[in-house]
Amino acid sequence: MHEAVIKQFSGTGYESSDVMVIDEVEMHRHQQLEKLYKSTRSGKEFQKDVVKAAEAFTAIGYRHIEAGTKLSEDCCRYGLENINENILAKAAAIYGDALKHVEQEQDDLNRQLSSQVLEPLRAMITGTPLEDARHLAQRYSRMRQEAETQAAEISRRQARVRESPFPENVSKLHAAEARMQEIRANMAVLGKEAAAALAAVEAQQYRLTFQRLVAMVEGEKNYHLRIAAILSEVEAEMVSEKQQKESAPPMILPPVIPSGNGLEKSTYFLAEELNRKDYLWEQVLNLYILHRVFLVRGERLSSKQK
């Protein structure tokens, strides 16, 4: 009859029963342990879910690093091999260099997930405090079943004594009642110990899991902010390079300077369109041309004076 109302959560879990074995105090303790057992089991399963997700994130991150590193090398190589030909080569070189920083940020995020999320949660999932507390609750559950069986035994002994009040039956009844008192005392101690252990584990689960979730959110937020900053800078530099190329003046042909003493004529050409970084070179070249002009004029004046 009693076995019909017992519902097991699992083969080795804490058993739920609506039967009052001893008194209301014990029934309250039983319900408390049942609730804590469910809560800590649920907390453990949620921690496993978080670990599984973090493992997937890091696996994807390592694939991202591998692909990004390869693309960075390809972009840098293309930019180096075609640096004087077109704006695409310049853009590829800029992006290839930026990808190195992007993949470093991805590697930092993976390390953070491992050290701040995976390791602490794994340690708690497999840790002894949780298992020890659950074992105490399971021992209490088995002891409660024993008390339930003993209560039924006392009822049978009482019925026999009423029917046949022989000394032997009375002695067996007293022995059964003594055993019940022993079980009851042990249950009081074990129940208190199990409840304290499970409550401590539950509080630790809540605190640790919340902290690890916050760490995940902060890590991912900071990762995306830094990536956005890197890519924004890359985009701005690419656009700037394009605008510089489009607004640069056409090819410059410096004037031909005749030689006063029979030297061959010299003509200087600017080989490529000027861009932002070539501006200084243009100024140096113009200064050099002016120097040559003054030098030739000086040679002319010297020749005339002679």
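Me: What is the relative accessible area of A203?
Reply: A203 has a relative accessible area of 38%. A203 counts as partly exposed because that value lies between the cut-offs (buried is under 20%, exposed is over 50%, with a 1.4 Å probe and protein chains only).

Me: Where is A203 found?
Reply: In helix α4, which covers residues 167-247. Helices (DSSP H or I, at least four residues) and strands (E, at least two) are DSSP runs numbered from the N terminus.

Me: What is the C-alpha distance from A203 to T40?
Reply: Their C-alpha atoms are 9.2 Å apart, although 163 residues separate A203 and T40 in sequence.

Me: What kind of model is this?
Reply: The model is predicted: local features need pLDDT of at least 70, and side-chain atom pairs count only at pLDDT 80 or more, while totals for chains, interfaces and linings use all residues. Residues are numbered from 1 along each chain as its sequence is written, and side-chain values use heavy atoms, leaving out hydrogens and water.

Me: What is the average pLDDT of the protein?
Reply: The average is 81, and 73% of the residues score at least 70. pLDDT is the predictor's confidence in each residue, from 0 to 100.

Me: Where is confidence lowest, and where is it highest?
Reply: The lowest mean, 40, belongs to strand β1, residues 7-8. The highest, 95, belongs to helix α2, residues 87-125.

Me: Which contacts does the model have for residues 1-12, where pLDDT stays under 50?
Reply: Residues 1-12 have 19 contacts (heavy atoms within 4.5 Å) beyond four places in sequence.

Me: Changing topic. How many helices and strands are there?
Reply: The secondary structure comes to five helices and two strands. Along the sequence the pattern reads β-β-α-α-α-α-α.

Me: What share of the contacts comes from residues 24 or more positions apart?
Reply: Among contacts with a separation of 6 or more, 74% are between residues 24 or more positions apart.

Me: What about α1 and α3, at which angle do their axes cross?
Reply: Helix α1 (residues 24-81) and helix α3 (residues 128-163) have axes that cross at roughly 145 degrees and come within 11 Å. Axes are lines fitted to C-alpha atoms, for helices over the stretch in contact, with angles from 0 to 180 degrees between N-to-C directions.

Me: Which residues make that contact?
Reply: From α1, they include H30, L33, Y37, T40 and K44. From α3, they include L130, E131, R134 and Y140.

Me: K44, then. Buried or exposed?
Reply: K44 is buried because its relative accessible area is 15%. K44 belongs to helix α1 and touches I125, L130, E131 and Q205, not counting residues up to four places away in sequence.

Me: Which residues does A93 contact?
Reply: C75, C76 and G79, leaving aside neighbours within four places in sequence. A93 sits in helix α2 and is partly exposed, at 28% relative accessible area. Between A93 and M238 there are 10.0 Å, C-alpha to C-alpha, and 145 residues in sequence.

Me: Last one: where is H135?
Reply: H135 is in helix α3. Its relative accessibility is 40%, so H135 counts as partly exposed. The C-alpha atoms of H135 and A194 are separated by 8.3 Å, with the two residues 59 apart along the chain.
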